[in-house]
Amino acid sequence: MGYSLNFNPIWENWDKLLLGLGLGLLITVISLFVGAIIGLLAAFARTSGNPTISRVAAGYVEIMRNVPFLLVIFFVYFGFPTLVPDQTSSLIVAMAIYSGAYMTEIFRAGILAVSKGFLEAGKSIGLTNWQVIRFVTLPIMFRVVLPSLSNTLIGLFKDTSLGAAISVPELTYQGMVINTNYWRIIESWTAVGALYLATCYSLAFLLRRIEHRFAQWA
Amino acid sequence: MQAILDNWPLLIDGLVVTIEISIYVIVFGTLIGLVGGLSLLYGGSVLRGLFRAYVDIIRGLPLLVTIFLIFYGIPAVGIPMDKFPAAVLALSFFAGGHMSEIIRGAVGSIPKGQMDAAASIGLTFFPRLRYVILPQAIRRIVPPWVNLCVELIKGTSLVSLVSITDLLLSAQQILERTAQPIPFYILTAAIYFVLCYSMATLGGRLEKRFAYYD
């Protein structure tokens with residue numbers, strides 16, 4: 001048990017850890033946004049009633065949900081080196097594709113939660129199909145899916161740690177760098193872990209507040 | 001195609017490692033989860049507090065950070081341990097935290113009256129759990145348990161980052177030599193898909209098997 005703690009390397013590299021954390025959050029927000037667009041399109045494809053389109057969307061969801069995320073990252077980064085300019089953007093692409101599948105299921109549940117009467121009411125006052133989606137389905141769906149979306153966001157933020165595998169300079173990668181330079185294993189992973197924990201719980205707290213705000217509209 | 005045929009045995013070796021780790025992690029994770037979930041519900045305040053802290057910490061950490069902390073941390077504090085058991089330990093630690101929460105939720109959702117009724121016919125604590133509570137709880141445990149198992153099988157791919165030659169790392173090694181990334185990634189993805197999908201199918205069967213109260 002001859003291990004003596006020395007947190008000095010952590011304090012010296014505090015700025016790098018925080019930068020990494022910020023990058024992780026940025027990547028999370030961007031890929032959540034792109035993933036939500038993919039998920040929304042796939043969810044409407046899934047509920048469109050057209051068997052071919054619906055099956056394609058279902059296939060996408062099933063494949064993504066049964067394949068490790070790390071494999072998707074490697075596939076995008078090593079498989080298409082010419083398409084994506086650098087590591088960070090391949091991570092964003094991989095995360096958007098991956099989270100899009102999870103969000104498809106979330107949005108699909110949200111769309112199915114909108115009762116038929118609302119859609120018929122919308123049609124009967126003369127809204128076009130597009131207007132029904134825009135003014136009836138989406139607003140109701142949004143409130144239904146909000147709690148699941150916040151869980152997805154927190155999950156995505158934790159998944160940014162896998163970016164370290166392709167040297168995206170986010171928090172886990174910074175931890176690896178400190179480890180290689182100073183060989184302070186316990187200290188660096190404790191610090192990195194504490195930062196993740198604090199961020200996840202702050203995010204959860206913040207998102208609960210936002211959900212309450214939106215719940216008041218209902 | 002020739003490259004795939006030539007390297008098939010390597011992939012199989014990796015697949016065996018992935019399956020082995022998955023089985024260990026699911027078994028250990030479920031055991032920790034049973035102890036953790038029941039302690040969270042019925043334990044004294046110290047036990048409850050300890051498991052609450054464990055579960056909340058594990059659920060707020062990325063799996064990769066948990067693996068790095070345990071896998072590299074154990075030898076660093078001077079406990080000798082091989083690579084494979086250290087990776088299994090790290091993943092099981094993660095699995096146990098999530099499993100505890102599943103079991104706490106499912107068992108906690110059984111009405112309190114069941115426990116009281118079982119006590120009133122003279123059963124002691126463990127027979128009450130064994131014959132009254134768990135048979136009812138299991139059908140609520142199975143669906144999230146299966147989801148977690150699929151997540152765990154996918155999560156075993158992270159051991160490739162601490163240089164354990166599982167399915168993903170053997171695929172990586174092969175395509176470094178063959179320089180044909182796309183076919184090999186698709187093949188590896190297909191193998192993972194079959195693994196996870198069979199787990200999900202098995203889960204569907206289990207759900208039917210335990211649906212005896214409907």
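Reader: What makes residues of chain B count as being in contact with chain A, and how many are there?
Author: Two residues are in contact if their C-beta atoms, placed from the backbone, lie within 7 Å. By that test, 28 residues of chain B are in contact with 29 residues of chain A. Please keep in mind that this is a predicted model, where local features need pLDDT of at least 70 and side-chain atom pairs count only at pLDDT 80 or more, while totals for chains, interfaces and linings use all residues. Residues are numbered from 1 along each chain as its sequence is written, and chains are lettered from A and ligands numbered from 1 in the order in which they are written.

Reader: Which element gives the largest share of the side of chain B that touches chain A?
Author: That is H8(B), with nine residues; helices here are DSSP runs (H or I, at least four residues), numbered from the N terminus.

Reader: Why are H4(A) and H5(A) called oblique?
Author: Helix H4 (residues 69-79) of chain A and helix H5 (residues 87-113) of chain A pack at an angle of about 130°, with their axes 9 Å apart. Axes are lines fitted to C-alpha atoms, for helices over the stretch in contact, and angles run from 0 to 180 degrees between N-to-C directions. Under 35 degrees is roughly parallel, over 145 roughly antiparallel, 65 to 115 roughly perpendicular and the rest oblique. H4(A) and H5(A) are therefore oblique to each other.

Reader: What share of chain B counts as buried?
Author: Of its 214 residues, 38% are buried, meaning that 20 or more other C-beta atoms lie within 10 Å of the residue's own.

Reader: How many helices and strands does chain B have?
Author: Chain B has eight helices and zero strands (a strand needs at least two residues of E).

Terms used: Buried ≥ 20, exposed ≤ 12 C-beta atoms within 10 Å, placed from the backbone.
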